Every structure is written in C-alpha cells, then in structure tokens.
Amino acid sequence: QVQLVESGGGLVQAGGSLRLSCAASGRAFSSYAMGWFRQAPGKEREFVATISWGSGDATYYEDSVKGRFTISRDNAKNTVYLQMNSLNPEVTAVYYCARDLPPTPARLMRVISPKFWGQGTQVTVSS
C-alpha cells in the first residue's frame with residue numbers, strides 16, 4: 001500500500017520560507033516521478049511542481065512559483081521536498097504530495113490527477 005506523509009507546513013510571515021517534506025512508503029521510490037500540488041480555499045487543486053524519477057534531473061514548476069520554489073528528492077530517505085522562499089499570502093493553501101503509477105513521467109503529472117495522494121499539510125502566509 002502506498003503511503004505519502006507530508007510535513008513541514010505552518011504559519012509564516014510574508015517573505016519567509018518553509019520546507020515541506022513528503023515521506024513515501026514502499027520500495028522503488030526512485031522509480032517514481034513525484035509531485036507537489038495545492039488547494040486554496042474555494043479553488044480547485046492545482047499543480048505546483050514535479051520531479052522526474054531517478055536522480056530527479058528534470059523538474060517542472062507552475063509559472064508563479066518559478067524561481068521561488070525548489071523541488072528535490074532524496075532516494076535514500078524515500079523523501080521529496082519542496083523548498084519555498086519569498087512566500088506571499090497568495091500561496092496559502094493545503095499542499096499535497098502525490099505520485100502516479102509508473103512510468104508516468106514528471107512532465108505528464110503536471111496535467112493529470114495522480115493516483116496516490118498524501119493527507120496534505122497546511123501552509124498559511126500572513127501579510
């Protein structure tokens with residue numbers, strides 16, 4: 001059974017930073033592309049960032065977070081991260097970690113609804 005557990009959310013002032021973590025259960029973590037998505041109040045869930053399998057050479061970002069957010073992975077720890085800098089209130093949302101069935105590539109995960117999701121972690125940015 002696939003389990004994805006997010007952590008690292010919280011309340012931060014505008015301009016601050018947070019690092020989200022997502023710990024994945026099971027084997028072959030390095031075989032899966034991973035992604036971060038978010039859902040703000042009253043809005044649909046949307047893509048934030050994805051990272052390719054293996055060493056994570058390929059990454060993709062939603063336009064508004066480019067240059068401020070960085071997705072990375074540590075295959076030895078079965079963990080994917082989202083470093084978020086220069087935060088503003090517009091990024092307030094529940095952030096979800098996700099993956100799909102292999103061999104879904106990271107570029108495709110931007111536009112589909114992945115099969116497996118974590119429970120989410122709240123990120124709140126105050127002005």
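Helices (H or I, at least four residues) and strands (E, at least two) are DSSP runs, numbered from the N terminus. The structure is a predicted model, in which local features need pLDDT of at least 70 and side-chain atom pairs count only at pLDDT 80 or more, while totals for chains, interfaces and linings use all residues. Residues are numbered from 1 along each chain as its sequence is written, and side-chain values use heavy atoms, with hydrogens and water left out. Under these terms, Ser-86 is found in the loop between β8 and β9.

**Sheet**

- Four strands, in the order β1-β3-β8-β7, make up an open sheet with antiparallel pairing; two strands pair if DSSP finds at least two bridges between them.
- The edges are held by β1 (4-7) and β7, each of which has a single partner strand, so one side of each is left without a neighbour in the sheet.
- From one strand to the next, the twist averages 15 degrees; axes are lines fitted to C-alpha atoms, for helices over the stretch in contact, and angles run from 0 to 180 degrees between N-to-C directions.
- Six bridges join β3 and β8 in the antiparallel sense.
- Ser-21 has Tyr-81 of β8 standing opposite.

**Nonpolar cores**

- A nonpolar core is a set of buried Ala, Val, Leu, Ile, Met, Phe, Trp, Tyr and Cys residues joined through side-chain atoms within 4.5 Å.
- Buried means under 20% relative accessible area, exposed over 50%, and partly exposed in between (1.4 Å probe, protein chains only).
- The largest nonpolar core has 29 residues, and those with the most contacts inside it are Met-34, Trp-36, Phe-69, Val-80, Leu-82, Met-84 and Tyr-95.
- At least two residues of this core come from each of β3 (18-24), β4, β5 (46-51), β7 (69-74), β8 (79-84), β9 and β11 (121-126).
- Strand β3 gives the largest share of this core, four residues.
- Another core, of six residues, lies apart from the largest one and has Ala-33, Phe-47, Ala-106 and Met-109 among them.
- In soluble globular proteins, nonpolar side chains tend to be buried together.

**Aromatic pairs and charges over rings**

- There are three aromatic pairs in the structure; rings of Phe, Tyr and Trp (its six-membered ring) pair if their centres lie within 6.5 Å, and planes under 30 degrees apart count as stacked, over 60 as edge-to-face and the rest as tilted.
- One of the pairs is edge-to-face and joins Phe-37 to Trp-117, at 5.1 Å centre to centre and 65 degrees between the planes.
- This pair links distant parts of the chain, with Phe-37 in strand β4 (residues 34-39) and Trp-117 in strand β10 (residues 116-117), 80 residues apart.
- Phe-37 is buried at a relative accessible area of 3%, whereas Trp-117 is partly exposed at 23%.
- Tyr-96 and Trp-117 also form an edge-to-face pair, with 6.2 Å centre to centre and 90 degrees between the planes.
- That pair, too, links distant parts of the chain: Tyr-96 lies in strand β9 (residues 93-99) and Trp-117 in strand β10, 21 residues apart.
- Tyr-96 counts as buried, with 14% relative accessibility.
- Phe-37, Phe-47, Tyr-96 and Trp-117 are linked into a cluster by ring pairs.
- The charged end of Arg-45 sits over the ring of Trp-117, 3.7 Å from its centre; a charge sits over a ring if NZ of Lys or CZ of Arg is within 6 Å of the ring centre and within 35 degrees of the ring normal.
- Arg-73 lies over the face of Phe-29, 4.6 Å from the ring centre.

**Gly-35**

- Gly-35 lies in strand β4 and counts as buried, at 0% relative accessibility.
- Leaving aside residues up to four places away in sequence, Gly-35 touches Ala-49, Thr-50, Ile-71, Tyr-96, Cys-97, Ala-98 and Met-109; contact means heavy atoms within 4.5 Å.

**Backbone**

- Most residues other than glycine have a negative phi, and most peptide bonds are trans.
- The peptide bond from Pro-102 to Pro-103 is cis, with omega near 0 degrees, and Pro-103 has its place in the loop between β9 and α1 (106-109).
- Ala-28, which is not a glycine, has a positive phi of about 60 degrees; Ala-28 lies in the loop between β3 and β4 and is partly exposed at 40% relative accessibility.
- Ser-86 has a positive phi near 50 degrees and is partly exposed at 45% relative accessibility.
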